[in-house]
Amino acid sequence: MARKTTRARIEAAKKGRAAKPKRPAARARADARAMHGELPQWTQAEVEEAFRRFQAANPAPKGELQHINPFTLLVAVVLSAQATDAGVNKATPALFAAADTPEKMVKLGEPKVRDLIKTIGLYRNKAKNVIALSEKLIAEHRGEVPRTREALEALPGVGRKTANVVLNIAFGEPTIAVDTHVFRVGNRTGLAVGKTPLEVELKLGDVIPMKYRPHAHHWLILHGRYVCLARKPLCEKCIIADLCKWPGKTVLAAAHAPE
Ligand code: SF4
């Protein structure tokens with residue numbers, strides 16, 4: 001039965017049209033196969049080609065969290081845990097207009113911060129962390145956002161992913177922050193298979209050529225957010241469809257690879 005389905009998809013691809021999208025159960029099985037490392041390995045030439053295309057399509061990708069300076073970036077990333085960037089961006093203009101430095105944030109106080117971010121999930125705890133991390137920045141870093149992973153991860157509410165985002169966007173480090181989108185794209189495509197975000201991050205760091213590393217996490221996030229969607233990936237619009245190893249993909253050749 002499975003062979004028949006695969007043959008039908010190959011025939012459809014030969015005729016230049018996408019095969020019928022797989023049902024959710026089939027996609028889940030394909031994702032499980034990917035997670036268990038059953039996909040073929042990418043060659044280094046394929047990795048290079050994928051990132052060449054990402055760069056050609058979007059030479060200067062940007063993060064979508066609004067911020068004014070490294071401190072407001074740090075706060076925005078802390079607020080984005082288990083929330084969407086769009087949801088955070090609705091709340092932060094008023095917050096950052098009132099406080100764009102640790103000193104102003106502490107002066108604003110936890111009740112006011114809580115009130116300004118109450119549309120964001122887990123806002124009570126996040127307000128607590130924003131005040132606590134502001135106090136720590138003042139006490140230990142002269143009000144500046146530190147540039148090392150260790151110092152960043154020692155701040156309240158800051159984990160490895162947040163530190164990676166800040167190091168990358170604020171300080172230009174070639175770090176790769178693995179969020180839910182990067183985790184899915186890494187596993188699903190077979191580019192970087194891992195059971196934890198850290199495993200995926202380390203594998204991506206091993207395979208992505210250094211010249212693409214500064215923008216790599218943005219390209220992968222945007223790809224996961226707008227093309228390689230969790231429930232129904234848009235394989236027919238995907239610029240790396242021919243390179244992707246996911247058995248559930250609905251096209252077998254890339255029609256949109258940019259020059
Ligand atoms: S072909 Fe593209 S959109 Fe489809 S699963 Fe692979 S990476 Fe995702």
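The legends below describe close-up views of a predicted model.

**View 1. Overview of the predicted protein chain, which contains 13 helices and 0 strands.** Read along the sequence, the chain follows the pattern α-α-α-α-α-α-α-α-α-α-α-α-α. Of the 259 residues in the protein chain, 38% are buried. Among the contacts in the protein chain with a separation of 6 or more, 59% are made by residues 24 or more positions apart.

**View 2. Helix α4, spanning residues 70–79, and the elements that cover it.** This helix is mostly covered, with 9 of its 10 residues buried. The buried residues are F71, T72, L73, L74, V75, A76, V77, V78 and L79. The cover over these buried residues includes α5 (85–98), α6 (102–108), α8 (123–141) and α10 (160–169). Two of these neighbours, α10 and α8, are taken up in the two views that follow.

**View 3. The packing of α4 against α10, whose axes come within 10 Å of each other.** The two axes cross at roughly 150 degrees, and an angle over 145 degrees counts as roughly antiparallel, so α4 and α10 are roughly antiparallel to each other. The crossing in which α4 passes α10 is right-handed. On the α4 side the contact is formed by P70, L73, L74, V77 and V78, which meet T162, V165, V166 and I169 in α10. Sorted by class, this contact of α4 with α10 has 8 nonpolar residues, 1 polar residue and no charged residues.

**View 4. The packing of α4 against α8, with the two axes 10 Å apart.** Helices α4 and α8 pack at an angle of about 155 degrees, and they are therefore roughly antiparallel to each other. Their crossing is right-handed. Residues V75, V78 and L79 in α4 meet K126, N129 and V130 in α8. By class, the contact of α4 with α8 comprises 4 nonpolar, 1 polar and 1 charged residues.

**View 5. Helices α11 (residues 180–189) and α13 (residues 213–226), packed with their axes 8 Å apart.** The angle between the two helices is about 85 degrees, which makes α11 roughly perpendicular to α13. In this pair, H181, V182, R184 and V185 in α11 meet H217, L220, I221, H223, G224 and R225 in α13. The contact of α11 with α13 has, by class, 4 nonpolar, 4 polar and 2 charged residues.

View 6. Because 25 other C-beta atoms lie within 10 Å of its own, A50 is buried. When residues up to four places away in sequence are not counted, A50 touches I240 and L243.

**View 7. Two residues, L122 and R142, that have a positive phi although neither is a glycine.** For L122 the phi angle is about 60 degrees, and this residue lies in the loop between α7 (110–116) and α8. With 14 other C-beta atoms within 10 Å, L122 is partly exposed. For R142 the phi angle is about 50 degrees, and this residue lies in the loop between α8 and α9 (149–153). With 8 other C-beta atoms within 10 Å, R142 is exposed, since a residue with 12 or fewer such atoms counts as exposed.

**View 8. The surroundings of the ligand, made up of 13 residues.** The closest of the surrounding residues are C228, P233, C235, C238 and C244. By class, the shell around the ligand has 10 nonpolar, 1 polar and 2 charged residues.

Conventions. Residues are numbered from 1 along each chain as its sequence is written. This is a predicted model: local features need pLDDT of at least 70, side-chain atom pairs count only at pLDDT 80 or more; totals for chains, interfaces and linings use all residues. A residue is near a molecule or strand if its C-beta atom, placed from the backbone, lies within 6 Å of it. Ala, Val, Leu, Ile, Met, Phe, Trp, Tyr, Cys and Pro count as nonpolar, Asp, Glu, Lys and Arg as charged, and the others, Gly among them, as polar. A residue is buried if 20 or more other C-beta atoms lie within 10 Å of its own, exposed if 12 or fewer, and partly exposed in between; C-beta atoms are placed from the backbone. Helices (H or I, at least four residues) and strands (E, at least two) are DSSP runs, numbered from the N terminus. Two residues are in contact if their C-beta atoms, placed from the backbone, lie within 7 Å. Axes are lines fitted to C-alpha atoms, for helices over the stretch in contact, and angles run from 0 to 180 degrees between N-to-C directions. Angles under 35 degrees count as roughly parallel, over 145 as roughly antiparallel, 65 to 115 as roughly perpendicular and the rest as oblique. A crossing is left-handed if the near helix is turned anticlockwise from the far one by less than a right angle, and right-handed if clockwise.
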